[in-house]
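Subject: Structure handover

Hello,

Here is the structure I promised to pass on. Please open it beside this email and follow along.

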Amino acid sequence: MPAPGAEYAEELAYVYDAVAEGDTVRVTVEPLRTVRGGATPTGEVHTLTLPRGTPVEARRLSGGNPADLRLDELLDRLAAGRKWAFAIDYDGEGRVHSLREAYWLGD
């Protein structure tokens, strides 16, 4: 969430266990902290319910080529049990604006 007065914030996290629920998708979010170029889970887990059309910038999820997708286009991969690293972008009111695949983090 953005700090008071901030226009946006970013959360680095694993996103997984996607479940479609009508016009929305519920995902599990496991925040990460970066350590020497890698990522380590913080131990906290929460869920987000997002519109199916939430913008997603993908690379590995789209076969290795950069692509602008919608969250509902990735449901099968985000529900398959693997945890995918994303930078979750929040707007100034704490709403998720988009997801950007954190492809620069190793598996």
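One term first: a nonpolar core is a set of buried Ala, Val, Leu, Ile, Met, Phe, Trp, Tyr and Cys residues joined through side-chain atoms within 4.5 Å. Keep in mind that this is a predicted model.

**The cores**

The largest nonpolar core has 23 residues. Val 27, Leu 48, Leu 78, Phe 86 and Ile 88 have the most contacts inside this core. Several elements give it two or more residues: strands β1 (8–21), β2 (24–35), β4 (46–51), β5 (55–58), β7 (84–91) and β8, along with helix α1 (75–78). There is also a second, separate core of seven residues. Tyr 14, Ala 85, Ala 102 and Leu 105 are among them.

Now find Phe 86. Leaving out residues up to four places away in sequence, Phe 86 touches a list of residues that includes Leu 12, Val 15, Val 56, Leu 61, Leu 78 and Leu 99. The list also includes Glu 11, Arg 100 and Glu 101.

**The whole chain**

Read along the sequence, the pattern is β-β-β-β-β-β-α-β-β.

What radius of gyration would a compact globule with 107 residues have? It would be near 13 Å, and the chain has 13 Å, so the two agree. Along its principal axes, the C-alpha trace spans about 35 × 35 × 25 Å.

Of the 107 residues, 39% are buried. The chain exposes about 6100 Å², and carbon and sulfur atoms supply 48% of that area. Take the contacts between residues at least 6 apart in sequence: 46% of them join residues at least 24 apart.

**One serine to look at**

Ser 98 sits in strand β8, which covers residues 96–101. Is Ser 98 buried or exposed? Its relative accessibility is 9%. Buried means under 20%, so Ser 98 counts as buried. Beyond residues up to four places away in sequence, Ser 98 touches Thr 54, Pro 55, Ala 87, Ile 88 and Asp 89.

**Rings and charges**

How many aromatic pairs does the structure hold? It holds zero. Two arginines do lie over ring faces, though. Arg 59 lies over the face of Tyr 103, at 4.3 Å from the ring centre. Arg 82 lies over the face of Trp 84, at 3.9 Å from the ring centre.

Best wishes

Key: Residues numbered from 1 in each chain as written. Predicted model: local features only at pLDDT ≥ 70, side-chain atom pairs only at ≥ 80, totals over all residues. Heavy atoms only, no water. Helix = DSSP H or I, 4+ residues; strand = E, 2+ residues; numbered from the N terminus. Buried < 20%, exposed > 50% of the residue type's maximum accessible area, 1.4 Å probe, protein only. Contact = heavy atoms within 4.5 Å. Phe/Tyr/Trp six-rings, centres within 6.5 Å; stacked < 30°, edge-to-face > 60°. Lys NZ or Arg CZ within 6 Å of the ring centre and 35° of its normal. Rg over C-alpha atoms; globule rule 2.2 N^0.38 Å. Areas by Shrake-Rupley, 256 points an atom, 1.4 Å probe, with all protein chains shown as cover.
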